[in-house]
Amino acid sequence: MPTVEITDLKDGDFLLDVREDDEWQAGHAEGALHIPISEFVARYGELTDAAPQDGRVHVICRSGGRSAQVTMYLFQQGIDAVNVDGGMQVWQAAGRPVITDDGRPGFVL
């Protein structure tokens with residue numbers, strides 16, 4: 001499965017967060033698109049509308065398991081998607097900002 005390290009992500013890379021609502025509300029990466037894995041198939045059109053046409057979709061969850069499932073699904077749909085290794089836990093450990101919806105500092109649940 002295509003995988004990318006947190007350190008390989010650049011500002012402006014398209015990030016899809018597939019964690020559930022309570023995890024997202026606790027804290028997330030700024031600019032990420034949030035579609036919980038439990039709603040992913042029903043909301044798939046939101047991703048195709050928001051994702052860059054010829055760009056890569058970086059899929060993230062808490063630790064990498066759920067995002068791996070979504071990455072495989074997207075890959076099967078012909079979308080250039082990669083799993084973010086280690087997920088939001090590694091994101092936060094690497095010192096990347098985690099915020100709440102109102103822009104305050106958040107945390108990984």
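## The largest pocket

The largest pocket holds about 200 Å³ of space. A pocket here is an open set of points on a 1 Å grid over the protein atoms alone, where a 1.4 Å probe fits, with protein on both sides within 12 Å along at least five of seven lines. Its volume is the space filled by probe spheres set on the points.

The lining of this pocket counts 15 residues (an atom within 4 Å of a point). K10, D11, G12, E30 and W91 lie nearest the centre. By class, seven lining residues are nonpolar, three polar and five charged.

## Basis of the model

This is a predicted model: local features need pLDDT of at least 70, side-chain atom pairs count only at pLDDT 80 or more, and totals for chains, interfaces and linings use all residues. Residues are numbered from 1 along each chain as its sequence is written, and side-chain values use heavy atoms, with hydrogens and water left out.

## The sheet

Five strands (DSSP runs of E, at least two residues) form an open sheet. Their order is β1-β5-β4-β2-β3, with parallel pairing (at least two DSSP bridges between two strands). β1 (3-4) and β3 (33-34) are the edge strands.

Strand β4 (residues 57-60) and strand β5 (residues 81-84) run parallel, joined by three bridges. V57 stands opposite A81 in β5.

## An aromatic pair

There are three aromatic pairs (ring centres within 6.5 Å). In one of them, the rings of F40 and Y73 have centres 5.9 Å apart and planes at 90°, so the pair is edge-to-face (over 60 degrees). F40 lies in the loop between β3 and α2 (44-50) and Y73 in helix α3 (a DSSP run of H or I, at least four residues), so the pair ties together parts 33 residues apart in sequence.

Conventions. Ala, Val, Leu, Ile, Met, Phe, Trp, Tyr, Cys and Pro count as nonpolar, Asp, Glu, Lys and Arg as charged, and the others, Gly among them, as polar. Rings of Phe, Tyr and Trp (its six-membered ring) pair if their centres lie within 6.5 Å; planes under 30 degrees apart count as stacked, over 60 as edge-to-face and the rest as tilted.
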